[in-house]
Structure formats: C-alpha cells, structure tokens
Amino acid sequence: MEKRRIAILGSTGSIGRQTLDVIREHPDRFEVELLTCRGNWALMAAQAREFDVNNVVICDKSGYLPLSQALEDTDTKVFAGIDSVCDLVASDRVDIVVAAMVGFSGLAPTISAIKAGKVIALANKETLVAAGSIVTALSKQHNAPILPVDSEHSAIFQCLMASQGNAISKIHLTASGGPFRTWGKERIAKATKDMALQHPNWNMGAKITIDSATMMNKGFEVIEARWLFDMPAEGINVVVHPESVIHSMVEFEDGAVIAQMASPDMREPIQFAIGFPERMTLGNKKLDFTALGSISFYAPDTDRFPALQLAYDALGRGGNVPCALNAANEVAVEAYLHDRIPFYGISDIAAECIAEVPFIKDPSLDDIFSTDKEIRTMAIRKVEALEKKI
C-alpha cells in the first residue's frame with residue numbers, strides 16, 4: 001500500500017502533536033512531507049528529525065535562523081513566512097493537508113491547498129466560520145474533499161455514512177459545558193484564565209480551551225456544521241453532555257437517532273480523517289460501558305454563556321458577520337489570556353463588534369480579509385477601553 005504523504009499546518013500545537021502520535025502508530029501508512037508552526041522552532045526541529053521531513057516552515061520569520069541552524073546537518077529544507085506555507089501545501093508531494101493552525105491565520109494556506117485539489121483534514125474551524133460559503137464552493141470546484149477533524153463534526157460525518165441517502169431532520173452537537181457548567185453567572189464573571197483553562201475532559205490549546213469555557217467554540221461548531229453538512233441553523237441543535245462520550249448525533253425524519261461514541265481522545269477523529277475510509281487500530285482508551293454507568297444531557301444556558309447565541313445570531317445574519325465574530329473573539333480571548341479583560345468581556349466585545357460591522361451580504365475573499373483586519377482594529381480599541389474601566 002502506497003503511503004499517504006501528510007502536511008501538518010500547526011505541527012507544534014495540540015492537534016499537530018496528536019496527528020504525529022497517530023503517524024507514529026502507523027509508519028507503514030503515512031509519511032510526513034511538510035511541517036509548519038508559528039514560532040516553536042525547537043519542537044518543530046525535533047519533529048522534523050524524528051520523521052525525516054522534507055520541508056518545514058516557521059511563520060514567525062525571527063525563528064528562521066535558529067531553525068535553520070538546528071537542522072543544518074539534515075536534508076530538511078527550511079522556509080519562513082505564511083506565503084511559503086501557501087506555496088508548499090500545493091506541492092505534488094502532498095496528498096493530505098491537516099489544517100491545524102490556530103485562528104484566522106489558517107484560512108489562506110487552507111484555500112491554497114483546496115485550489116491544488118488536496119484532501120483537507122480540517123481542524124481549523126475559523127476557516128469555515130470566517131469564509132464558509134467561499135471555502136465550500138472552492139472545495140467543490142477543485143474536487144478537494146474536506147474531512148472534519150473536530151470530534152463533533154467527525155461524529156456527524158460518521159453517522160451520515162449510515163444514512164443510506166435518507167434525509168436528516170436535525171444535527172445534535174454535543175458540548176461538554178466546559179469548566180463553568182455548574183457555576184452561577186456572578187461566579188463565572190470573576191473567573192480567572194487559570195480557572196478557564198482547566199477543561200474537565202479535553203486536552204487542548206489555550207485559545208480553544210477558553211472558547212470552550214465561553215461556549216464560543218460550540219457556536220463556531222454550529223457555523224461549521226452549517227457549511228460542512230449544508231444544514232440551516234434551525235436544523236442544528238446544541239445539547240450539553242458533560243461526559244463527552246457521545247460526540248454528536250444525527251436525527252432522521254422518522255425520529256431515529258444515530259450517535260457516535262468514543263472516549264474523549266482527539267487522535268480518534270484525526271486518524272479517521274487521514275485514514276479515511278479505513279478504520280485503523282489506535283492505542284487509545286476504549287469505552288467501558290459498565291464503568292461509564294450513566295450519561296446525561298442538558299439544554300445550554302445562553303444567559304450564562306451568551307457567546308453561543310452570538311454565533312447563532314451571526315450565522316442568521318450571514319455575509320461577513322461570522323468573520324467579524326471570529327476576529328473580535330480572537331482579539332478578546334488573547335486579551336483575556338493576558339489578564340486585560342474579565343471573562344464576560346470576551347462576549348461583550350464580540351457582541352459590540354458584530355453590531356457595528358459594515359455588513360456585506362455576499363463577501364468576496366478580499367472582503368473577508370478586509371473585514372478581519374477592520375474588526376481586529378475595532379476590537380483592540382474596545383479592549384483598551386474596557387481595560388481602563390477595571
């Protein structure tokens with residue numbers, strides 16, 4: 001069997017590292033052609049050596065020299081900057097692109113990979129949040145399938161494989177509820193970043209962990225699901241499921257529901273995406289139903305977690321509003337992680353920005369990049385104003 005050649009965009013992040021875990025288990029199935037990271041050149045150099053990688057790109061150009069020196073005795077070619085990422089993902093030596101860069105920065109290289117007809121294993125939800133209509137149209141135009149890596153969307157994809165072409169009536173996205181699921185609003189308002197970073201079930205990067213705490217992450221997944229599965233917002237339901245063993249469900253018109261279950265381990269959906277359509281062995285913890293005992297479900301509380309409703313509102317308005325929501329959220333989360341604003345400042349700033357964004361009904365890709373830039377500037381001003389009040 002010919003090996004699949006993998007490019008990992010964001011190899012030093014949580015998804016990137018777990019993708020390499022999967023590849024370690026199946027060296028006969030995969031080889032790593034390209035690694036990229038933002039700034040952790042030392043870890044990426046170690047990864048490049050272990051997997052004998054042909055090309056690496058560091059997006060922060062200040063890391064180019066130390067990365068080059070660290071790999072000077074190898075055959076690995078070293079590049080710097082996002083333009084290099086966009087060029088290299090289109091290489092004939094790449095079969096699958098694992099899009100695991102954090103935030104809006106993942107949009108341009110993902111589009112480059114799509115235009116080159118690559119299989120996209122998509123872990124960067126911001127790509128579809130900011131430019132869902134554009135990305136999905138390009139995917140069809142260039143015959144570049146998008147396979148979801150998010151555990152929830154992977155679950156839906158797997159459930160749909162059993163649909164036999166039958167129409168679905170509803171998608172149920174499960175949410176853990178994050179670390180503040182049982183907290184009152186006043187207590188949540190005082191939550192520190194250290195509290196917010198203590199996710200009860202998943203081991204993720206700082207940005208997505210904060211998004212999980214606010215439930216913005218689940219809101220973004222609603223927007224993702226709209227584009228991945230061509231499902232209107234009213235057909236996408238969110239249900240809080242603290243045990244995180246049912247990763248999502250699909251409901252059919254006769255009321256039957258198919259659910260996908262597994263232990264909360266991101267390596268399972270990663271492996272499913274890069275190995276599709278084959279299911280391979282994985283050294284993860286398997287579900288023990290007798291030990292699990294019971295599972296529970298709750299309706300989400302959008303008063304305590306307003307970010308979820310903001311995402312539904314942005315999706316309902318459409319156009320460039322979801323892009324604005326993502327840009328404002330990225331700025332606000334970064335500020336919260338630096339102790340500059342309180343927890344609810346994240347959703348407050350996001351709400352103000354989407355209320356003020358100049359609306360574009362059918363944005364072009366240039367419009368998306370312009371909106372992102374404009375809203376980031378707006379959000380930075382709002383962070384500064386809020387910072388002065390506290």
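Predicted model: local features only at pLDDT ≥ 70, side-chain atom pairs only at ≥ 80, totals over all residues.
User: How are helices H11 and H15 oriented relative to each other?

Analyst: H11 covers residues 216-228 and H15 covers residues 321-337, and their axes are 12 Å apart. The packing angle is about 155 degrees, and angles over 145 degrees count as roughly antiparallel. H11 is therefore roughly antiparallel to H15.

User: Which residues of H15 does H11 meet, and how many charged residues does the contact have?

Analyst: On the H11 side the contact involves Met216, Phe220 and Ile223, which meet Pro322, Leu325, Asn326 and Asn329 in H15. By class, the contact of H11 with H15 has 5 nonpolar and 2 polar residues, and the number of charged residues is none.

User: What is the handedness of the crossing of H11 and H15, and what is that of H15 and H16?

Analyst: Each crossing has its own assignment. The crossing of H11 and H15 is left-handed. For H15 and H16, the crossing is right-handed.

User: How are H15 and H16 oriented relative to each other?

Analyst: H16 spans residues 343-356, and its axis lies 8 Å from that of H15. The two helices pack at an angle of about 150 degrees, and the limit for roughly antiparallel is over 145 degrees. H15 is therefore roughly antiparallel to H16.

User: Which residues of H16 make the contact with H15, and how many of the residues in that contact are nonpolar?

Analyst: H15 contributes Val321, Ala324, Leu325, Ala328, Asn329, Ala332, Val333 and Tyr336. The partners from H16 are Phe343, Ile346, Ile349, Ala350, Cys353 and Ile354. By class, the contact has no charged residues and 1 polar residue, and the nonpolar residues number 13.

User: Which residues touch the most other members of the largest nonpolar core, and which element gives the most to this core?

Analyst: The largest nonpolar core has 93 residues, and the members that touch the most others are Ile23, Val56, Phe180 and Leu325. The element that gives the most to this core, with 11 residues, is H15.

User: How many residues does the second, separate core have?

Analyst: This second core is separate and includes Leu34, Phe104, Cys323 and Ile368. Its number of residues is 28.

User: Which residues does valine 56 touch, not counting residues up to four places away in sequence?

Analyst: Val56 is one of the residues that touch the most other members of the largest nonpolar core. Leaving out residues up to four places away in sequence, valine 56 touches Leu34, Leu35, Met44, Ala48, Leu67, Leu71, Thr76, Lys77, Val78 and Phe79.

User: How many residues of H10 are buried, and what covers them?

Analyst: H10 is mostly covered, with 7 of its 9 residues buried. These are Lys207, Thr209, Ile210, Asp211, Ser212, Ala213 and Thr214. Their cover includes helix H6 (126-141), helix H9 (193-196), H11, helix H14 (306-317), H15 and H16.

User: Is serine 212 buried or exposed?

Analyst: Serine 212 lies in helix H10, residues 206-214. Not counting residues up to four places away in sequence, serine 212 touches Ser176, Gly178, His199, Met204 and Asn217. Because its relative accessible area is 10% and the cut-off for burial is under 20%, serine 212 is buried.

User: Where do aspartate 52 and aspartate 230 lie, and are they buried or exposed?

Analyst: Aspartate 52 lies in the loop between helix H2 (41-51) and strand E3 (55-58), and its phi is positive, near 50 degrees. Aspartate 230 lies in the loop between H11 and strand E9 (236-240), and its phi is likewise positive, near 50 degrees. Most residues other than glycine have a negative phi. With relative accessible areas of 62% for aspartate 52 and 60% for aspartate 230, both residues are exposed.

User: What is the phi of the residue that follows H10?

Analyst: H10 is followed by methionine 215. The phi of methionine 215 is positive, near 75 degrees.

User: Which residues does a cis peptide bond join, and what is its omega?

Analyst: Most peptide bonds are trans. Proline 277, in the loop between helix H12 (267-275) and helix H13 (289-292), is joined to phenylalanine 276 by a cis peptide bond. Its omega is about 10 degrees.

Technical notes:
Residues numbered from 1 in each chain as written. Heavy atoms only, no water. Axes fitted to C-alpha atoms, helices over the stretch in contact; angles between N-to-C directions. Helix = DSSP H or I, 4+ residues; strand = E, 2+ residues; numbered from the N terminus. Parallel < 35°, antiparallel > 145°, perpendicular 65-115°, else oblique. Left-handed = near helix turned anticlockwise from the far one by under 90°. Contact = heavy atoms within 4.5 Å. Nonpolar A, V, L, I, M, F, W, Y, C, P; charged D, E, K, R; others polar. Core = buried A, V, L, I, M, F, W, Y, C linked by side-chain atoms within 4.5 Å. Buried < 20%, exposed > 50% of the residue type's maximum accessible area, 1.4 Å probe, protein only.
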